[in-house]
Amino acid sequence: MKNTLALIFLIAFSQLSFAQSVHVMTPSEINAIPGFLQEKSFMQFTTPPTVSVRTPGQFEEMQGVFICWEAYTGGAQYPILAEIVDYAQEVGIVYIATDDSNSTRSYLTSHGVPLTNIKCFEVATNTIWARDYGPNTIYENEVSNLSFVDWKYNRTNRPDDDAQPVNLAQTMGIPVYSTTVAPHKLVHTGGNWMADGHGTAFSSKLVLDENGAGGGWSQNLSEADVDSIEKHFMGITRYIKMETLPYDGIHHIDMHMKLLDEETLLIAQYPTGVSDGPQIETNLNYVTSNFLNCYGRPYKVIRIPQPPQSNGDYPGGTWGNGDYLTYTNALILNNLIIVPSYYEEYDTTALRIWKESMPGYNVHMIDCNDIIGYSGALHCITHEVGVADPIFISHAHLLDTYETVNPYEVKAYIKTTSGVNTANVFWSIDTSLGYSMLNMTMALNDTFVANIPAQVAGTTIWYYIQANSISGRTVSKPLVAPGGVYEFKILGTIGGLANVENTAEFSEPYPNPANESVTLGYYLSANENVLIQLFDISGKEIFALDEKNINAGTHTFQLSTAALSAGIYSISFKSGNTTIIRKLVVAK
């Protein structure tokens, strides 16, 4: 069934005038595979690096993005490329492969796009699909010696595309490693590959099909062979491969999934039993049932609806293999996210999910109706370029806890080429008042720690990590902090008292923020003992009122705050089985 559908898909596209430029492989390209296997002579290295390497996640800090200035009949895709350049040049360099830089610059200027942060390099080009043939960033020893890896592109009569990693590497003056010579030959595409920056990568089994016996590339690689090449060239120590989808003609995972960070998977969702939905669910169950994230925790999974065509049909539905509309095929570039749009009914939901999933990022949409018919969207036509002097911060964010006595250890592995100058944790229980800073100290082997003071139950703590390198660079984790930060909650109750049944009420302090004094009020349904405590942000008790056998009813009293320093405090009210926590802000 799969082969029949693929053949129908290819025949349909081969009849079009732009057959050479479509995302799928055309029949002529399939027939030309043997002649295409002749190696390019201008590769710098065809053996892997001699030291261990790391591939960064696409969500890590990048110096910019690579695109190829190509379009189809009438240049319908140039406006999409111009919009990408317009957004991307605000957060990084846009490297543009073009056969006429003057024409490209003129087009951008005529469409109101600044030329302040673009670098055109003139080379021959074939197609727009930069993700698939573009350069893959690697670092030696996790953070050193920025280099590129160039796979054998799995399209035959597009030699100019296949040359782009070398072209860009030569333009930038950095090494490039090529998987083009046995025993290191690997046929692969960027749309079918995602890495978490910690040695894990994801693909569909297309990579095994194409590199195995009968794959059409004169390869005879086992899965172990593929894994070995990925390990030595890309630093991948765990390579997760999923079944290909029945109705996705190119079998690239970026059409239905996205790594938002090293712990979070954004997965497309179809209505139950529709189109590629069943296989996506099977693949997702395979991943979540068999693999933990790099920190040994279950992956967080966020679902986003895969939109139908405007007639309501999905790929493989009533009207056959139509456009494969997708919202996961998006570009993340530093603090920018660009998401495909199609029509408002589904775009609104997709935009909301992206913004809720990625707080602190600037999320924009670009109309992709002029490109999705060619089996690709925004991720397919862009490729990130890693920063030259990265600060790698690996941190398993703190989870909700019942701990109210001991501090909360923030631990992070921080690595830079020049060394770490300073590392800090910024934390708050009220972000409107800003963050407090804690110095992190190195414990062992590039691992830094700091302790957030214990807080009372009911508190939410927001925090982020920031590191400065000796070379003068600064990076935060999360990358967009303080716009987007980590948070965790202190659960339970104080002092072991169980909030089983409310027999009392404790009102909000008034005024809040307070200056000279604050009024506290509470209600008892029966005679009870009452304990009211005031704690500072470090958890130190500042004041305590311990009253015995207070009559049932409403009670108020004033607490002087004149001697208190400006800041955030917690007020704990205990009576019988009731414990209530209120936040108090003192302003001077």
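**Exercise 1.** Work out how Glu409 is classed by accessibility, and which residue pairs with Glu409 in a salt bridge.

*Solution.* Start with the surface: Glu409 has a relative accessibility of 40%, which makes it partly exposed (buried is under 20% relative accessible area, exposed is over 50%, and partly exposed is in between, using a 1.4 Å probe and protein chains only). Next, find the partner: Glu409 forms a salt bridge with Lys411, with 3.9 Å between the closest N and O atoms (the rule is a side-chain nitrogen of Lys or Arg within 4 Å of a carboxyl oxygen of Asp or Glu). Lys411 is partly exposed too, at 45%.

A quick note on the model: it's predicted, so local features need pLDDT of at least 70 and side-chain atom pairs count only at pLDDT 80 or more, while totals for chains, interfaces and linings use all residues. Residues are numbered from 1 along each chain as its sequence is written, and side-chain values use heavy atoms, leaving out hydrogens and water.

**Exercise 2.** Find what the salt bridge between Glu384 and Arg131 ties together, and say whether the two residues are buried or exposed.

*Solution.* First, the contact: their side chains meet at 2.9 Å, N to O. Then place them: Glu384 sits in strand E17 (residues 383–386) and Arg131 in helix H6 (residues 130–133), so the pair ties together parts 253 residues apart in sequence (helices, H or I, have at least four residues and strands, E, at least two; both are DSSP runs numbered from the N terminus). Finally, both Glu384 and Arg131 are buried.

**Exercise 3.** How many salt bridges does the structure hold?

*Solution.* The total is 16. Glu223, Asp227 and Lys241 are linked in a network of them.
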